[in-house]
Amino acid sequence: MGQPLGRRALLRGTGGLLLGTAGCSGPPSAPASVSTSRSGSPAPSASLPATTPWRPDRDDIDPAVKLRAVRVVEAIGAWPPGQGGAAAAKKRVAALQAAPSLVDQAGPLLPRAPEAALQVIDAQYGGILADSASVLVVCRQWTPGHAGGTTVDVRLSRARPRWDVTALHPARPGAAAASLPDAARRVLAESRILLPPAAEADIRSGKVHTSVLRALLRLAGTYRMYISVVRSGHPLNVFGTSRPSDHPRGRAFDVWQIDGHAVVDPATSRRLVESFMRDAAAAGSYNVGGPLRLSGGAPGQFFTDNTHHDHVHAGFTT
């Protein structure tokens, strides 16, 4: 089971805030007061939604790595009134004993605003090796009169006494397309496909392949899925290799939660996860990764490793 303030608790505790229709703009819903920030300093005012610090699941592969990545993103992307701007963000990052220069790579994570609130939806591995890691921090962010968010590919290297954050790569989904294919419009309208801001923007960009869209719609006939990553915010190459990833080409998606159950949670039914993985293959994925080692399928169609311990990956050739 996860920690008391794990991801499932976050989804319940925000009154459905994170499970509503994903959106990249528009006013924040259900504002609530926040008394203190993660560091105990004055937090964003009552004009912004309440947020909860993200916690890794105890069954994560090296939970401290994820927590290190998330805390840096939270420090940059949330601030109380009067603490906006790069200089203040660098002080918050320095307080975590991380490099203040990381703020210069924050991009959309640091908009110009008098205050901001940030909620991490999920943190999944983009890759984890003995001495390096990629953590994809999926988040929503609110500033006065605006709701958005991004996904940040946080790079880390092993060090003592803690892993060092070495780089930030925020998602760059691109502008919305003037028109979208029917499958894309259906995915955006489907209540059983939950999309965080960067993933929704990927769909709206028109750069996601139809095979991905059709597979999502087919799976939505059986499951309620929370997507973590589609195209942007993912490493360009399969982590630790020179082989291009299917994600940046719009040919893959990752799912961190199935029917309200986190993939990483050991209490989640293994039968449910296996069923989802097999159904993803049946929906056309040539490359299905997850926490389980499955038999059958085409040669190499199913795989598992530490990177995919916390989500299900589905890749497509076209």
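User: Which kind of crossing does H4 make when passing H5?
Analyst: H4 passes H5 in a left-handed crossing. A crossing is called left-handed if the near helix is turned anticlockwise from the far one by less than a right angle, and right-handed if clockwise. The contact is made by Ala184, Val187 and Leu188 of H4 and by Glu200, Ile203 and Arg204 of H5. Contact here means heavy atoms within 4.5 Å.

User: What should I know about the model and the numbering?
Analyst: This is a predicted model, in which local features need pLDDT of at least 70 and side-chain atom pairs count only at pLDDT 80 or more, while totals for chains, interfaces and linings use all residues. Residues are numbered from 1 along each chain as its sequence is written, and side-chain values use heavy atoms, with hydrogens and water left out.

User: Back to H4 and H5. At what angle do they pack?
Analyst: About 155 degrees, with the axes of H4 and H5 9 Å apart. Axes are lines fitted to C-alpha atoms, for helices over the stretch in contact, and angles run from 0 to 180 degrees between N-to-C directions.

User: What does that make H4 and H5 to each other?
Analyst: H4 and H5 are therefore roughly antiparallel to each other. The cut-offs are under 35 degrees for roughly parallel, over 145 for roughly antiparallel and 65 to 115 for roughly perpendicular, with the rest oblique.

User: How many helices and strands are in the chain?
Analyst: The chain has 7 helices and 11 strands. Both are DSSP runs numbered from the N terminus: helices are H or I with at least four residues, strands E with at least two.

User: In what order do the 4 strands of the open sheet come?
Analyst: The order is E1-E2-E3-E4, with antiparallel pairing. Two strands pair if DSSP finds at least two bridges between them.

User: Which are the edge strands?
Analyst: Strand E1 (117-128) and strand E4 (164-170), each of which pairs on one side only. From one strand to the next, the twist averages 25 degrees.

User: How many bridges join E2 to E3?
Analyst: There are 12 between strand E2 (residues 132-143) and strand E3 (residues 146-157). As one example, cysteine 139 has threonine 150 in E3 as its bridge partner.

User: Which strands does H5 touch?
Analyst: H5 packs on the sheet and touches E1, E2 and E3, and its direction makes about 105 degrees with that of E3. H2 lies across E1, E2, E3 and E4, running at about 145 degrees to E1.

User: Switching to charges. How many salt bridges does the count come to?
Analyst: The count is 11, where a salt bridge is a side-chain nitrogen of Lys or Arg within 4 Å of a carboxyl oxygen of Asp or Glu. Side chains of opposite charge can pair when their charged atoms come close.

User: Which residue meets lysine 66 in a salt bridge?
Analyst: Aspartate 310, at 2.5 Å from N to O. This pair links distant parts of the chain, 244 residues apart: lysine 66 is in helix H2 (residues 63-77), and aspartate 310 is in the loop between strand E10 (302-303) and strand E11 (312-315).

User: Is lysine 66 buried or exposed?
Analyst: Lysine 66 is buried, at a relative accessible area of 0%, and aspartate 310 also counts as buried, at 2%. Buried means under 20% relative accessible area, exposed over 50%, and partly exposed in between, using a 1.4 Å probe and protein chains only.

User: And what does glutamate 200 form a salt bridge with?
Analyst: Arginine 204, with the closest N and O atoms 2.9 Å apart. Glutamate 200 and arginine 204 are separated by about one helical turn because they are 4 residues apart in helix H5 (residues 197-205). Glutamate 200 is buried at 5%, while arginine 204 is partly exposed at 36%.

User: Last topic. What does alanine 281 touch?
Analyst: Leaving out residues up to four places away in sequence, alanine 281 touches Val288, Gln301 and Phe302. Alanine 281 lies in helix H7 (residues 270-282) and is buried, with a relative accessible area of 14%. The C-alpha atoms of alanine 281 and glutamine 301 are separated by 7.7 Å.

User: What percentage of the chain counts as buried?
Analyst: Of its 318 residues, 53%.
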